[in-house]
Amino acid sequence: MNIEQFREYCLSKKGVSEDFPFDETSLCFRVMGKIFAITDTEDLPLFFNLKCDPERAADLRERHPGIKPGWHMNKKHWNSVVPDEDVPEDLIYELIDHSYDLIAKSLKKSDREKLSMM
């Protein structure tokens, strides 16, 4: 997966926007204003920070060298995923969905209702 595929997939989800809130290269994807994915448009190797259930995050890190504790994030709840390492592309899509779902479920009720009507 490259950065263009990552961006297109994130933006294909309901209620998603993108911005650069920290600097000119840190691209964030938000569902109803809350971040669920971050990548840097210039860092190599390419990696994505994705939110993850803590138990699942630990298991994924043990099984895949390309999944590490989230860089500059809460290490318990975020993973950094390096697509060029041993992480299968279908797993990356699944982890993007998982991150999106975790954030969407945590939205306040009014935002969850707006999201469901999109």
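Biologist: Phe36, buried or exposed?
Modeller: Phe36 is buried, with a relative accessible area of 0%. Buried means under 20% relative accessible area, exposed over 50%, partly exposed in between, with a 1.4 Å probe and protein chains only.

Biologist: What sort of model is this?
Modeller: A predicted one: local features need pLDDT of at least 70, side-chain atom pairs count only at pLDDT 80 or more, and totals for chains, interfaces and linings use all residues. Residues are numbered from 1 along each chain as its sequence is written, and side-chain values use heavy atoms, without hydrogens and water.

Biologist: How do the rings of Phe36 and Tyr100 pair?
Modeller: Their centres are 5.4 Å apart and their planes at 85°, so the pair is edge-to-face. Rings of Phe, Tyr and Trp (its six-membered ring) pair with centres within 6.5 Å; planes under 30 degrees apart are stacked, over 60 edge-to-face, the rest tilted.

Biologist: Which elements hold those two?
Modeller: Phe36 lies in strand 3 and Tyr100 in helix 3, so the pair ties together parts 64 residues apart in sequence. Helices (H or I, at least four residues) and strands (E, at least two) are DSSP runs, numbered from the N terminus.

Biologist: And Tyr100, buried or exposed?
Modeller: Tyr100 is buried, at 7% relative accessible area.

Biologist: Switching topic, how many residues are in the largest nonpolar core?
Modeller: It has 28 residues, and Phe36 is among those with the most contacts inside it. A nonpolar core is a set of buried Ala, Val, Leu, Ile, Met, Phe, Trp, Tyr and Cys residues joined through side-chain atoms within 4.5 Å.

Biologist: Which element gives the largest share?
Modeller: Helix 3, with seven residues.
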